[in-house]
Amino acid sequence: MKLKSFSYLVGLIIIFFNSLLFSEEKVDIWKNNKENSNEIKQIDEKISQETSNPPSSTRIKAADKIQIQEGSSIQLEEQKVYGIYDPANYDFNLNMWSTTKAADLRSSLKRLNKIELSKSSREILEAILFSFSYPPKGMTEKEFVDLKINWLIENDRLDLIESFLKQNDQFDSKSKAVEYLVNKNIASGNIKEGCEKIRFIDAKIKDAYLEKFKIYCLVFNDKKSEAQLLLDLLREQKQSNNFYDDKINFLLGVTDKTSNKINEENLLNFYLSSVTINNFKYEPTKKTKPEIWTYLNSANLIKLEDASDKDKLKELEIAANNNQLDKNKIFEIYKQIPFNLNTLINAKNNFKTLNDSDARALIYQKYLLSDSVESKIEILFLLEELIKKNDLINIYSKFLSDRIEEIGVENLPKKYQEPALAKIKSDEELFLGKVKYNDKILHQSKILKYIIDGENKSKVQKDIDKIFKKITRNKKYFISAKDLALVDALIADGFSLPSNFKYNELVKELDVPKNLLQLAENDQKAFLALKIVEIIGEDEPYQLDSETIFFLTNLLNKTNLVTIRNKVLNSALPKRI
């Protein structure tokens, strides 16, 4: 019995000490977790201090680095999200793609890439793509971030690329994004600003092209000793080459002469060629890279030395038509081609005897010499015909539109007004104009102040009661699909409508596509919003038919995408002046 009691006592002591050890281990785990959290917070604060990032975006990244999984063990798992915007700003969340298949996202973006999106469509797409989120099912982090960067580059969104770089520390395609920014600045001749983009390059980026540009920037900023050190390091790593060494040695003053060979392998090499060769001359061809064309334009290196060289002029016209050359350069060349006074006076007859390029140049000069409005518009239309003849209309469309706007359609003879109006190209930026409220039409009434200005709900409810009462009394009033789009939004946002307004009966005649309804029911918010961008496409919302506006509003209400909904309604419903 004594032995048994002793064994029982020893057992209790062992259990007691094991219990202490176990509880000590648990405390350590939570302590480590807290230390990691503090470390993340410190990194987060450092990033906030070094950049001008929106605090909400930074908090999203920090918060999602820690995931505590259910079960007996506690794990720290690095979970990265990439973006620019806080998803809550657009009524999304980090899991906005969680119920979407990667293949569906790829297919939708492939279709969108074939559409010239309107301003509103593009803004909605950017909100979807660049809200911080996890990738869809079947897509890796790398592919998801590459998809974002590639879209930004393909659409030349320099401001968003820079924002993305500021808000996302490390990602696989970072060097590609920085290189694009650098090249855009070299191409525009803005080396100083290009050198400022070097701040995005850190020790983790191993990119020979960017390192070479960094060295050139040090030379450019007269920090030659630092440049020499980095150049030596680049050579040790065997990342330099004879051409680059020759150019940098010349710029550093190590050598007093350099090769006259022009290197077109990349933009940096071409730029270095242009700034180190005396009397630099270069003849671009069809194979010349677009970024080199841009640099030649910005550096004013494209000139027609011989106005009689018609083959060269033709090449430049084709380049301008293909958006490789500044279109204004062609009109400058037209102005340089010499004609005698008699030829100019009788230009409308004499052009027929000339080759195509000379004919266009002659008519352009005749336009410059014309003094009456009627003569100017007549010659502008004639020049358009001559340019169309050689399929070069891309050179001329914007030029013609600008000249008509300068003259003013109202100042033209009546017979020219309608065709001239059709030639005016609308500016890419949509100018909506000032809202003119009309309380006799529901979707144009003061109720819209809630959608447009975010007016106080109690004030809006009073307007609803007053305006609905007026409309329901009018037996001749027809409730349109646009009216119902507004009503659907009001109901979704918790406003009350008069009991005699039979909303449910009225909407029976309006259909919402079943495939889109299914997306809403499956909570595929982001993918549904992407499908809506496809539907709006090249149009602004106000250009859509009433039924489409209704079903888009209805779907956005079902998924609580209020910010996007309000953007659509703001364009589609009010009358503007």
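The legends below walk through several close-up views of this predicted model.

Residues are numbered from 1 along each chain as its sequence is written, and side-chain values use heavy atoms, with hydrogens and water left out. Because this is a predicted model, local features need pLDDT of at least 70 and side-chain atom pairs count only at pLDDT 80 or more, while totals for chains, interfaces and linings use all residues.

**View 1. Confidence along the protein chain, given as pLDDT.**
Here pLDDT is the predictor's confidence in each residue, from 0 to 100. The protein chain has a mean pLDDT of 84, and 84% of its residues reach 70 or more. Residues 1-77 stay under 50, and the model has 53 contacts for them beyond four places in sequence; a contact means heavy atoms within 4.5 Å. Residues 427-431 are also below 50 in pLDDT, and this stretch has 6 contacts beyond near neighbours in sequence.

**View 2. Helix H12 and the buried residues along it.**
Helices are DSSP runs of H or I with at least four residues, numbered from the N terminus. Helix H12 covers residues 267-276. How many of the residues of H12 are buried? The count is 9 of the 10, so H12 is largely enclosed by the rest of the structure. Buried means under 20% relative accessible area, exposed means over 50%, and partly exposed is in between (1.4 Å probe, protein chains only). The buried residues are Leu-267, Leu-268, Asn-269, Phe-270, Tyr-271, Leu-272, Ser-273, Ser-274 and Thr-276. They pack against H7, helix H8 (191-196), H9, H11 and helix H13 (290-298).

**View 3. Helix H7 packed with H12.**
Two packed helices are described by the angle between their axes and the distance between the axes. Axes are lines fitted to C-alpha atoms, for helices over the stretch in contact, and angles run from 0 to 180 degrees between N-to-C directions. For helix H7 (residues 174-187) and H12, the angle is about 30° and the axes are 10 Å apart. That makes H7 roughly parallel to H12, a term for angles under 35 degrees. The crossing of H7 and H12 is left-handed, meaning that the near helix is turned anticlockwise from the far one by less than a right angle. On the H7 side, Asn-183, Ile-186 and Ala-187 meet Leu-267, Leu-268 and Tyr-271 of H12.

**View 4. Two buried serines, Ser-133 and Ser-273.**
Look for Ser-133 in the loop between helix H4 (119-129) and helix H5 (141-154). Ser-133 has a relative accessible area of 1% and is therefore buried. Apart from neighbours within four places in sequence, the contacts of Ser-133 are Val-81, Tyr-82, Asn-93, Leu-94, Met-96, Trp-97 and Phe-144. Ser-273, by contrast, sits in helix H12. With 0% relative accessibility, Ser-273 also counts as buried. Beyond four places in sequence, Ser-273 touches Phe-243, Lys-247, Lys-261, Ile-262, Asn-263 and Phe-280.

Side chains of opposite charge can pair when their charged atoms come close. A salt bridge is a side-chain nitrogen of Lys or Arg within 4 Å of a carboxyl oxygen of Asp or Glu, and by this rule there are 28 salt bridges. Lys-119 pairs with Glu-123, with the closest N and O atoms 2.8 Å apart. Glu-123 is partly exposed, at 28% relative accessibility.

Glu-384 and Lys-423 form a salt bridge of 3.1 Å, N to O. Glu-384 is buried at 10% relative accessibility, whereas Lys-423 is partly exposed at 24%. Elsewhere, salt bridges that share partners join Glu-162, Glu-193, Lys-197 and Arg-199 into one network.

**View 5. Positive phi at Lys-238 and Asn-560.**
Although Lys-238 is not a glycine, its phi is positive, at about 60°. Lys-238 lies in the loop between helix H10 (224-236) and helix H11 (242-252), and is exposed with a relative accessible area of 75%. Asn-560, not a glycine either, has a positive phi of about 55°. Its place is in the loop between helix H28 (546-558) and helix H29 (562-572).

Conventions: Helix = DSSP H or I, 4+ residues; strand = E, 2+ residues; numbered from the N terminus. Parallel < 35°, antiparallel > 145°, perpendicular 65-115°, else oblique.
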